Amino acid sequence: MKVVGLVSGGKDSCYAMMKCIEYGHEIVALANLLPLDDSVDELDSYMYQTVGHQIVVSYAECMGLPLFRRRIHGSLRHQNLSYRATHGDEVEDMLMLLSEVKRQIPSITAVSSGAIASDYQRIRVESVCSRLRLVSLSYLWKQDQSLLLQEMISKRIAAVLVKVAAMGLVPAKHLGKDIAYLQQHLLRLKELYGSNVCGEGGEYESLTLDCPLFTNARIVLDGFEVVLHSPDSIASVGVLHPTAFHLEYKKETPSFGDNRLNEASKELGSIFDVQGDIVLKSEPKCESQSLASDFVSVSDVKLHISKTKHNYTFTMGCCIHDPSEPSEGLQKDLGSILKAIDSELVKNGFGWVNVLYIHLYIADMNEFALANETYVSFITEEKCPFGVPSRSTIELPLLQVGLGKAYVEVLVANDQSKQVLHVQSISCWAPSCIGPYSQATLHKNILYMAGQLGLDPPTMKLCSGGATAEVEQALVNCEAVARSFKCSLASSAILFVVYCSASLSCSEKIEIQHKLENFLEQRRPYNLDNKELSYSSDPMLLYVLAPDLPKSALVEIKPTLYVQEDDEDEEIESGVGTQEPLPRTFSSYWGFEHVPSIESCCQKYVIHEKICMVVLSLSNEDVTKICSESLVAVEKHGQHQYLGTQNHMKQVTRFCIYLLDKILVENYFSWGDIMSLRFYFSTCLDMSFDKLSLIFRDTLNEFAEIGGRIKTGTMP
């Protein structure tokens, strides 16, 4: 991509551009924001570094690139972490600046920034990029600062400190000193006071005087003054005000990267002053956003709703279901489904802002782009100011069982206490979410993570090496997301749903399982030694074969984690049918007490009075045992049974309900506590959605009459 580099003069913005070139991008322009008054060194801004702005003007000549500059007219107006276009805010100056860069150089498609740890800055850069339809590149994001500083020094970035504001940094002593000279001192300050080695906490600011990007000249600082802002005896605040400098031209032009600077339409080294008042314009609706109003409600949209007893979350599933009529296409099906869900949310006093997680199932992954286009017409950042829902998307054979081309399941909360992680920038941290879905959503201690593919984050391409390589990369990506919530997969995961491509061989499926288990096992010793993390128990594993996955991936991993609060000390029970049940009476029924050793099909994860998560996986052998043993027991009671697949499925559903009920009762939970009951079945059963739904409905009604522990209504 052709990239404009946001430059403050600091080491981070320069190194970020070097990383862009390393990953095959081309820097074609620079952009800088500076104070209205040249005599002012520093603005009171959370967004911009302006100390040393008098020297940044030389970057155009040093790099041989056009430099676009704009004076900052705005100030801090929108103080929330999330950002919305706000008149008079300093962020709008960046919008004006980059808008002009894009107008003059239309080939630019991306913006580079040097954010490392500041969500405040990253979110605002991403907001501007989104409004201008540019890609945000943030290759330093979440990287280890000690390693970053070492990389910058080893890759010949010569930068000096131009502001200090931390314990251990003295203006008269450290301003003007090179980062290489101060490296060991900065590392000591980290050990002593926990300060940020790269200055991400405001400890210091730097000014780059030379680096491999400076192919034409380096900057020589001839003179400067130290200006004290706060002469505190413990942590003085001071800035360097340059009084004289000159350029020292390089005799030989070193080559740096294969994709260098090449934009013939602009004079190399020119300075462009971007002026004009900020006028907030209403964003024109893109074609996809106008689609939402085009869909009309259809009578054959089926909604499946369940609510918890405590009523703070509920799940809603929706699909087009009309076996007699062919699907009208993915866009019509998905649009009608999302409109039906939207109406149901509004009817219950909710909106998309209340949605925590979305499972999107489509019948043909070749229509993934069309699905996204329809999706964004309903679910936007404007509708979700606290963060868009996390999402998982896979292909399922929906048409084979009499459904339409899409099925959507949403998890909804009636409060807005969720914590959302939505990083849109392409970085080395984890795959970006360029669109209205987030990497993860935390609600009531449960972390719902988006489905992760084996994507290499900086290139956003599937890693090579087959299924096991994809699994390992997907797990590394998941771990990076988990670390953002101060937890890890090995210590906090309670369930992994692993979607595997149906094209995988048996040996590849086994290798995937071993890779996942080894990944978790290798990280447990580290977690036991890490004071921030604590080992809990073995997570549950559920493998689902899907016809296809996004980007034709072989594996997609969807973890669910329990994020324990600092003062919690929970009793956690898990395993494969191995735990001693709590002393609570349970009445048997349907004759399944005569089925021996069948509980080995059960995985469960229980936190007393908080979580009960169960996975039942029934093999052909299990089904044979269930049907044969229970039929014998039923015949002894004189009840008549019909043979055949449908009857076998009836027995299987009865067994599932029986075993789930047993686990709930023994662990002091009720059916009213259930948020979601999901049933995966193989198309080789050759049963329609209609038949299976009827079997489940009849079984639940039968169960309601037996024990009275579940209430059934008009909706399943």
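Visitor: What covers the buried residues of α4?

Guide: The cover includes β1 (2–6), β2 (26–34), β3 (67–71), β4 (110–112), α5 (119–131) and β10 (271–273). Contact here means heavy atoms within 4.5 Å. Buried means under 20% relative accessible area, exposed over 50%, and partly exposed in between, with a 1.4 Å probe and protein chains only. This is a predicted model, in which local features need pLDDT of at least 70 and side-chain atom pairs count only at pLDDT 80 or more, while totals for chains, interfaces and linings use all residues. Residues are numbered from 1 along each chain as its sequence is written, and side-chain values use heavy atoms, with hydrogens and water left out.

Visitor: What makes α4 mostly covered?

Guide: Ten of its 14 residues are buried. Among them are Val91, Met94, Leu97 and Leu98.

Visitor: How do you know that the span of helix α4 agrees with what it should be?

Guide: Helices (H or I, at least four residues) and strands (E, at least two) are DSSP runs, numbered from the N terminus. The expected span of a helix is 1.5 Å times one less than its number of residues. For the 14 residues of α4 (residues 91–104) that should be 20 Å, and the end C-alpha atoms are 20 Å apart, so the two agree.

Visitor: What makes β5 (135–137) and β10 edge strands?

Guide: Two strands pair if DSSP finds at least two bridges between them. The open sheet has six strands in the order β5-β4-β1-β2-β3-β10, with parallel pairing. β5 and β10 each pair on one side only.

Visitor: How do you know that β1 and β4 pair?

Guide: They are joined over three bridges, in the parallel sense, and the rule asks for at least two. In one of these strands, β4, Ser112 is the bridge partner of Gly5.

Visitor: Why is the aromatic pair of Phe592 and Tyr658 called tilted?

Guide: Rings of Phe, Tyr and Trp (its six-membered ring) pair if their centres lie within 6.5 Å; planes under 30 degrees apart count as stacked, over 60 as edge-to-face and the rest as tilted. Phe592 and Tyr658 are 5.4 Å centre to centre, with 50 degrees between the planes. Phe592 lies in the loop between β25 (572–575) and β26 (602–607) and Tyr658 in helix α15 (residues 645–666), so the pair ties together parts that are 66 residues apart in sequence.

Visitor: Why does Phe592 count as buried?

Guide: Because its relative accessibility is 2%, and the limit is under 20%. Tyr658, at 5%, counts as buried too.
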